[in-house]
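Please look over the sequence and the model before reading on.

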Amino acid sequence: MSERPQPLIVGAGPAGIRAAEALVAAGLRPLVVDEAPACGGQIYRQRLVPDRRSTRDLYGPEAPKAEALHRDFAALDGKLDYWPQALLWNLRDGRADIMVEGTSRQVAYDGLVLATGATDRTLPIPGWTLPGVFTLGGAQIALKSQGCAIGSEIVFLGSGPLLYLVAWQYMKAGAKVAAVLDTAPFTAKFNLLRGLPLFPGIVLRGMRMTAELKLGGVGLHYGVADVRIEGKNAIEAIAWRQDGMEHRLACDGVGYGLALRSETQAADLAGCRFAFNQRDRAALPERDAAGRTSVPGVYIAGDGAGIAGADAAERAGERAALALLQDRGLPHDATRAAALEAELARIGRFREVLEAAFPFPAHWMRDIADSTTLCRCEEITAGEVRSAIGQFGVHELNRLKAVSRVGMGRCQGRICGAAAAELLAHETHRGIEAVGRLRGQAPVKPVPLTLALAAQQEAAE
Amino acid sequence: MSRRLSVDVAIIGGGLVGSSAALALRGMGFSVALLDKGFCGAQASGVNYGGVRRQGRPVEQLPLSQRAHAVWPRLKALIGVDGEFLRSGHLKLARNEADMASLEAYAQAVAEQGLDLELIGHNGLRERFGWIGDGVVGASFCAGDGHANPRLVATGFAAAARRAGVEVLENTAVDGVTRDGDGFALEAAGNLSLRARFVINSAGAWAGPFAESFGEPVPLSRIYPSMVVTEPMEQVMTVNIGMEGGGIYARQVERGNVVVGGERALPLADADFSRPRGDGAIAIMNNAAALFPALRHAQAIRFWSGTEGAMPDRNPVIGPSGTTPGLIHAFGFTGAGFQIAPGVGEVLAELVRDGETQTPIEAFSIGRFRETSARTDAGSGAGQNQEPQH
Amino acid sequence: MALLRRLVRADHPAIPFTLDGEPCEGRAGDTVLTAILTQAERLRLSEFSASPRAGFCQMGACQDCWIVLESGERLRACSTALSPGMRILTRRARAA
């Protein structure tokens with residue numbers, strides 16, 4: 001098997017790192033490409049330079065996991081090829097187009113592990129394009145990676161475990177957290193009790209964080225609706241309705257997110273078959289318990305094919321690598337594979353609990369005002385989308401994109417895609433699963449017109 | 001669940017040709033069913049470059065092209081949206097003296113056709129189009145040409161046809177058409193049985209089997225033009241740009257994005273769909289950055305491609321079947337369908353109503369392939385880097 | 001008024017750059033986004049309504065933080081490290 005091209009791993013977060021480790025352990029030399037300057041992914045993102053904070057300060061109780069991942073990946077140095085700050089922008093016919101420092105290299109691979117992770121899921125609300133409104137992930141990066149707070153009176157808004165985690169991290173770092181606005185009713189949190197037998201540590205830690213926020217004087221508001229961020233050129237306040245009452249709170253920074261959404265562009269370009277996932281309310285690449293997609297030789301691990309979190313990502317990365325080894329006819333540890341799958345199944349059950357505790361407010365799109373900007377890139381309002389749906393009689397998402405430009409801008413629908421799908425489903429009286437999904441198009445992210453094409457080296461490989 | 005329908009005219013293929021024919025026929029009072037295997041305007045009609053251009057077409061296409069020329073400014077009244085049609089002018093560049101000579105020869109050949117072409121030398125180009133970079137010796141300008149947004153125009157015609165009372169049946173592939181008494185019987189997806197007095201075969205790249213089933217095989221092949229679009233830029237490009245002898249073609253939309261086309265894409269595993277190749281997209285991007293200095297810092301945000309039917313002589317098939325009364329063909333536009341399609345729709349409607357049209361279409365008769373049709377060769381289609389003619 | 005508030009690294013080595021012509025200082029370890037937003041309230045103006053924007057996701061996904069240098073060069077502020085002498089514009093709405 002000497003002359004086969006090397007396996008390609010896209011993403012150096014928890015899934016990508018563990019996949020790389022398992023492939024190296026089996027004697028393969030994978031190529032790992034990652035957009036960030038250092039490994040760790042979003043959750044275990046590293047600072048550009050060290051500062052006075054410890055890893056415990058940065059990653060809290062997850063610090064040992066972060067340290068282990070960073071250390072284990074560093075230990076692979078010399079046994080794999082690693083291209084940081086590299087953008088996989090296209091996949092075709094078993095080849096990857098990868099941009100490194102303004103030059104595009106075409107890479108043939110034998111085995112592709114996609115560990116592309118996730119980004120924040122949001123829905124459009126009035127004022128969400130104002131400076132100072134960041135996603136929860138963005139707010140967390142500002143703090144962890146850059147040592148900055150996103151304001152001096154900060155409100156955290158949304159749903160999902162990250163909501164409380166980021167608010168707590170900000171408070172611990174000495175920033176002023178004005179309030180946490182949870183879009184779900186307090187009663188939804190009772191679902192967490194079902195999670196106690198599965199992962200008591202995580203549930204108790206979440207409860208402790210919530211208690212510490214309360215003790216720290218942070219107002220926790222549940223069941224918030226009709227949220228508006230007010231201000232003309234800067235945030236002045238956030239307003240919402242709760243139990244039929246209007247509320248308004250002055251602030252200058254907002255961290256906002258409604259859990260996470262999978263980054264699936266690469267899987268789409270690789271030709272993977274997608275299926276609608278009711279829990280994530282999104283079309284996701286199909287994968288078996290090991291991470292095999294519908295395309296032979298293409299594997300997915302981590303949040304890129306459904307949100308399951310960092311612990312699952314580590315296991316899924318290793319599991320996908322074992323599948324790759326097995327499919328290549330190499331020795332692989334079947335016992336280990338089975339154990340990983342069992343752990344992933346247990347985490348999957350816990351995800352159901354979290355989803356019930358932090359439900360996604362899809363109904364917001366039913367009531368969205370015509371004047372609210374839905375697509376940030378192309379600055380298209382909900383009203384314009386509604387009238388395009390009516391004018392052209394479209395009921396499929398790609399057709400809506402064609403006639404309204406939603407999902408056509410720089411972000412390729414990452415930010416507005418979920419909202420557009422929910423709005424289209426509502427306006428056409430269809431289920432969200434019936435409106436289709438935005439087809440991925442290259443480039444995965446913007447590339448310069450002057451992108452240089454590297455000389456071909458593959459013939460020699 | 002089976003369904004039966006009976007109409008005057010069944011149109012196979014909801015692209016711009018089929019949709020505009022449907023709208024015109026409905027306006028004449030015919031009952032019409034418009035069938036598409038996917039969504040109307042989702043293939044070549046909706047994803048092409050968007051050039052609305054007469055300049056550069058073979059002379060035999062110009063009467064039809066002029067007819068369509070009159071339709072474009074009336075889109076808003078006709079279909080309810082203007083399709084972002086801009087009469088910007090179309091500037092065809094020559095990179096060397098030989099190309100310039102061929103632009104001059106073309107201008108002479110079509111002098112009587114009313115295109116009002118203006119030949120511009122190197123200095124004139126510098127003065128009037130200073131945003132075009134080096135390496136161009138002259139150009140031919142057609143002030144009446146322009147560009148439009150194909151995503152809106154094709155879909156807009158289908159939506160207007162639906163509002164006018166056309167039975168628009170999407171996701172309804174036609175499985176078979178047979179002559180039945182004095183009309184046709186169509187079997188389509190979803191257990192749909194349809195009877196029609198007339199059938200229009202406007203199925204684009206998928207039209208071949210329908211023609212063949214009536215004893216008229218055609219050398220129809222497929223081409224996949226590649227497109228790149230930039231982020232929104234400051235307005236700089238005032239005209240739609242083409243190049244003599246092929247190369248890139250480019251236009252800037254009112255919102256600021258620059259659309260550039262050039263290379264050919266390759267089909268995907270499902271050959272009905274295609275996607276640009278990475279190196280092809282890079283070639284387009286690099287060429288655009290070299291030709292237009294204002295784009296040298298631009299980012300490309302999206303690539304796409306479409307599936308277009310192509311004929312070896314680069315002319316479409318338009319007109320009545322040679323074997324079957326009531327059957328009318330209109331396909332194989334070879335990347336040149338967008339501008340003339342609204343005119344073709346009117347002509348097809350006249351062929352149904354009157355059995356003839358005043359617009360000369362003899363050159364597009366399917367009969368021209370009768371001698372060659374026995375060949376198994378499917379035809380090579382258009383040259384690899386020829387500018388699509390839309 | 002600055003949008004971001006620095007909690008650490010205030011004592012790190014200074015990196016000089018200009019913001020709409022005005023000399024500024026960032027700190028070693030800053031992204032371009034951090035360097036701008038610890039001085040200013042926005043990164044850019046949006047293309048179609050010229051409303052102020054300051055990024056959103058900070059992880060290279062939303063593409064909301066593309067800024068322009070005086071040279072015309074474009075870069076994504078959240079995923080580019082600040083380098084000395086950068087001449088950054090926040091007033092221009094569009095690339096050109």
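## A span listed in UniProt

The end C-alpha atoms of residues 8–317 of chain A lie 13 Å apart in this model, and the span is 27% helix and 30% strand, where helices (H or I, at least four residues) and strands (E, at least two) are DSSP runs, numbered from the N terminus. An unreviewed UniProt entry lists residues 8–317 of chain A as "domain: FAD/NAD(P)-binding"; UniProt positions are given in the numbering used here, feature names are shortened, and annotations may be inferred rather than shown by experiment.

The model is predicted, and local features need pLDDT of at least 70, side-chain atom pairs count only at pLDDT 80 or more, and totals for chains, interfaces and linings use all residues. Residues are numbered from 1 along each chain as its sequence is written, while chains are lettered from A and ligands numbered from 1 in the order in which they are written.

## Domains of chain A

The domain assignment, whose bounds come from an automatic or database source, divides chain A into domain 1 (8–119 + 261–354), domain 2 (122–258) and domain 3 (364–434). The centres of domain 1 and domain 2 of chain A, taken over C-alpha atoms, are separated by 28 Å. Their contact takes 13 residues from domain 1 of chain A and 14 residues from domain 2 of chain A, two residues being in contact if their C-beta atoms, placed from the backbone, lie within 7 Å. On the domain 1 side, helix α10 (residues 334–357) of chain A supplies the largest share, five residues.

## The nonpolar core

A nonpolar core is a set of buried Ala, Val, Leu, Ile, Met, Phe, Trp, Tyr and Cys residues joined through C-beta atoms within 7 Å. The largest one has 316 residues, and those with the most contacts inside it are Ala167(A), Ala10(B) and Leu34(B); helix α9 (residues 310–327) of chain A gives the most to this core, with 10 residues.

Leu181(A) is found in strand β12 (residues 177–182) of chain A, and it counts as buried because it has 27 C-beta neighbours inside 10 Å, the cut-offs being 20 or more other C-beta atoms within 10 Å for buried, 12 or fewer for exposed, and partly exposed in between.

## Where chain C meets chain A

This contact takes 32 residues from chain C and 40 residues from chain A. Strand β10 (residues 148–149) of chain A pairs with β1(C) in the antiparallel sense over two bridges, pairing requiring that DSSP finds at least two bridges between the strands, and Ala149(A) stands opposite Arg5(C) in β1(C).
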